[in-house]
Amino acid sequence: MIKNLLFDLGGVIIDIERQRCVDAYTALGLKDADSYFGEYAQTGIFMAIEDGSMSVDEFHAAMRALLPEGVTDYQIDNAFQKFIVGIPVERLKALRELRRRGYGIYLLSNTNPIMWRGVIANEFGKEGLRREDYFDGMVTSFDARAAKPDARIFTYTADQLGIEPAETLFFDDSTANVEAARQLGFEAVHVAPGTEFTDYIPE
């Protein structure tokens with residue numbers, strides 16, 4: 001019996017577009033910007049800030065070494081946050097409705113402190129509420145110090161949130177992440193492009 005719904009963020013709740021981020025960093029002078037960003041995971045220093053192995057200050061210093069002199073931390077952060085397109089209000093309403101129906105509503109996201117404290121927080125404020133008003137618990141990769149599909153982040157999530165994998169339905173737009181969750185006992189569905197997470201809610 002499914003008691004909990006565990007949501008990925010990017011590509012499931014929040015719309016993302018990697019090319020916007022690539023273009024923004026290219027405009028700042030980052031060479032081969034495209035190589036740093038995958039469809040479902042980042043590489044190099046962008047993964048390091050996402051999995052918690054690099055602090056924001058360390059990320060800024062590493063980025064400045066790759067960019068022309070004079071590029072500011074604000075510009076670095078602004079370009080990074082171009083990855084986020086936004087959250088349609090209908091999805092926020094759907095989360096509130098699912099919580100009203102009695103599900104435990106949780107979040108598990110590969111993300112970084114810059115986006116989490118900036119554009120993501122702002123997007124969840126569209127209804128005048130906060131992230132905490134939509135979820136019973138949240139886990140980020142930078143806090144867990146591991147990123148999906150690493151099994152450690154799923155184990156950490158179950159322990160941290162106090163949820164049983166067999167009672168939890170996980171939603172993700174990455175098939176690799178879905179399979180990793182299933183291997184650890186979660187029910188899991190792939191939210192395919194062009195669909196909404198509401199399409200996969202149990203009747």
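What follows is a walk through one loop, with some context from the rest of the chain.

Reply: Keep in mind that this is a predicted model. Start with the loop between α8 (141-144) and α9 (151-161), where Pro149 is found. Arg145 is found in that loop between α8 and α9 too.

Take Arg145. Its phi is positive, about 60°, although Arg145 is not a glycine. Most residues other than glycine have a negative phi. Is Arg145 buried or exposed? Exposed means over 50% relative accessible area. Arg145 has 56%, so it counts as exposed.

Now move along to Pro149. What kind of peptide bond joins Lys148 and Pro149? The bond is cis, with omega at about 10°. Most peptide bonds are trans.

Asp32 is found between α1 (18-28) and α2 (44-50). Asp32 is not a glycine, yet its phi is positive, at about 55°. Its relative accessible area is 56%, over the 50% cut-off, so Asp32 is exposed.

For contrast, turn to a helix residue. Glu123 lies in α7, which covers residues 119-123. Why is Glu123 called buried? Buried means under 20% relative accessible area. Glu123 has 14%, and therefore it is buried. What does Glu123 touch? Leave aside its neighbours within four places in sequence. Then its contacts are Ile14, Gly86, Ile87 and Leu92. With Ile87 there is a detail to look for: a polar atom of the Glu123 side chain lies 2.8 Å from the backbone nitrogen of Ile87.

Now step back to the whole chain. It has ten helices and seven strands. The C-alpha trace spans about 55 × 35 × 25 Å along its principal axes. A compact globule of 203 residues would have a radius of gyration near 17 Å; this chain has 17 Å, so the two agree. Buried residues make up 51% of the 203 residues.

Contacts tell you about the fold as well.

Finish with the surface and the charges. The accessible surface comes to about 9,600 Å², and carbon and sulfur atoms hold 47% of it. The chain carries 20 positive and 33 negative charges, and their mean positions are 4 Å apart.

Notes
Residues are numbered from 1 along each chain as its sequence is written. This is a predicted model: local features need pLDDT of at least 70, side-chain atom pairs count only at pLDDT 80 or more; totals for chains, interfaces and linings use all residues. Side-chain values use heavy atoms; hydrogens and water are left out. Helices (H or I, at least four residues) and strands (E, at least two) are DSSP runs, numbered from the N terminus. The radius of gyration is taken over C-alpha atoms; the globule rule is 2.2 Å times the number of residues to the power 0.38. Buried means under 20% relative accessible area, exposed over 50%, partly exposed in between (1.4 Å probe, protein chains only). Accessible areas come from the Shrake-Rupley method with a 1.4 Å probe; for residues, only the protein chains shown count as cover. Lys and Arg count as positive and Asp and Glu as negative; His and the chain ends are not counted. The place of a charge is taken as NZ of Lys, CZ of Arg, CG of Asp or CD of Glu. A polar contact is a pair of N or O atoms within 3.5 Å; within protein, one must be able to donate a hydrogen and the other to accept it, and residues adjacent in sequence count only if both atoms are side-chain atoms. Contact means heavy atoms within 4.5 Å.
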